[in-house]
Amino acid sequence: MSLPIWSRGAQAAAALLISLAGGLLPAQVTTKVDLHAERLGAVSRQIWELAEVGYKEQKSSALLQEELRRAGFSVESGTGGIPTAFVATYGTGKPVIGLMAEYDALPGLSQEDTPQRAPRQANAPGHGCGHNLLGAGSVLAAIALKEQGFRGTLKVFGTPAEEGGGGKVYMIRAGAFAGVDAVLAWHPGDANQASLRTTLANITAKFRFRGVAAHAAVNPEQGRSALDAVMLFNHAIDLLREHVPQETRLHYIITQGGVAPNVVPDFAEVYVYARHPSMKVLDNVWSRIEKAAAGAALATETRQEMAIQSAVYNMLPNDALAALYDRHLRVLGGIQYGAGEKEFAAKLRTTLFAEPELALGSEARIQPIAQGAGAGSTDAADVSWVVPTSELSVATFAPGIPFHSWQSTACAGMSIGRKGMVLAAKVLALTAMDLFTEPAQLTAVRQAFDQRRAGFAYQSRLPQDAKPPLNYRDSK
């Protein structure tokens, strides 16, 4: 499970980087990434095998914390009342540059690192969004930066439960990002590109209905079905789809619908997501969802309660950071794969329902800076409204492989994913060195942030008394 050494083409790109920068510093930091790449690649594989879901990433978080402590970082864990959150710090003074690490897996996506569907464990979690690579890659960049040396402070934010748990929102509330000048982030994907895309604001909640149990055949009139309430509520959401702005996304799962067909269910629960590019528009959509839940309870004579699980903003892009990412991506170049990796990717692509837009091999190229609105949601967006932040996309999946799939889990556990992780670490390290060594770059980042935010005051949609939903992956 070793990582391939740089090719001659990559070494030529490094020489170009030296000439562009006018010195040895950038090439040195990327070389330091290479020195630790195999070890952190092994860590990413360990986290992939652990596949711990949001707020339960005890071992995954501990692995990253141990790597940072060993490298000389001071590490504080339990940030914001979250056992698996941490903040690692090295250095003193300004500027303060942050790197973002995530490490939560997704339910039901367990998969071997093979191009055929083969769960490692039936119905178990898997890293279908590549967060095993994300966390290890950011730590890899941090260790390289520490060894390179800089003037200022470097922080690594270990942020649990990105997948619907809103971990970063609670860390913001705890003051974890106070005083930080810029946050550099990346995310696994199927293309190499900087981004000026926004994301979808997202509010999620578990709606719980409580009724009265009774024998479903002998005396059903004595029962009040919580499942009926859930089904009526879901039908109202389905009808609502016609009467919301077209960019809206509404989806749900029934997490509990009863225990036996011959018992009128006295408890049922549905987990609902609502998304839109604008939080202001989403507020109105969510209000209508709450009314639908109240109506379903009224119609079925049940009681209803709502437990907000997460609420995250749309991403605020940063033009200056995206430009730095793009510059370093183009100097470093894309990713080259061997014959075995190409065969693996080709087989994976045959399992898709539609022909991918990106051609096999496009991961070797750098795509134009992404524009417009993306279709996903992330709690990294909340950070982007309080600290200048940008998220880089690097190909860790074969082109066209969808997020949150067994196919992406397979890629995240093998060399295709790890090669992308190393490229991401290099871009993050180079961009951080820009901000540490060139005050004008940091000024441009702040100006881009202020211009896009335009006086906006961030206010989370989470209730003020909300606490991290540490068991949000469980059903009540």
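Phenylalanine 436 is buried, with a relative accessible area of 9%; buried here means under 20% relative accessible area, exposed over 50% and partly exposed in between, with a 1.4 Å probe and protein chains only. This is a predicted model, in which local features need pLDDT of at least 70 and side-chain atom pairs count only at pLDDT 80 or more, while totals for chains, interfaces and linings use all residues. Residues are numbered from 1 along each chain as its sequence is written, and side-chain values use heavy atoms, with hydrogens and water left out.

Let's see what phenylalanine 436 meets. Phenylalanine 150 also counts as buried, at 18% relative accessibility. The ring centres of phenylalanine 150 and phenylalanine 436 are 4.2 Å apart and their planes stand at 15°, so the pair is stacked. Rings of Phe, Tyr and Trp (its six-membered ring) pair if their centres lie within 6.5 Å; planes under 30 degrees apart count as stacked, over 60 as edge-to-face and the rest as tilted. Phenylalanine 150 sits in the loop between α4 (131–148) and β4 (153–158), and phenylalanine 436 in helix α12 (residues 415–437), so this pair links parts of the chain 286 residues apart. Helices (H or I, at least four residues) and strands (E, at least two) are DSSP runs, numbered from the N terminus. Ring pairs also join Phe73, Tyr90, Phe150 and Phe436 into a cluster.

The structure holds 15 aromatic pairs. One of them is edge-to-face: tyrosine 55 and tyrosine 472, 5.7 Å centre to centre with 80° between the planes. Tyrosine 55 lies in the loop between α2 (25–50) and α3 (58–71) and tyrosine 472 in the segment after α13 (439–453), so their pair ties together parts that are 417 residues apart in sequence. Tyrosine 55 is buried at a relative accessible area of 3%, and tyrosine 472 counts as buried at 2%.

Now to the strands. An open sheet is formed by 6 strands in the order β1-β2-β4-β3-β5-β10, with mixed pairing; two strands pair if DSSP finds at least two bridges between them. At the edges are β1 (74–77) and β10 (389–395), each pairing on one side only. Strand β5 (residues 182–189) pairs with β10 in the parallel sense over 7 bridges, and proline 188 has valine 394 in β10 as its bridge partner.
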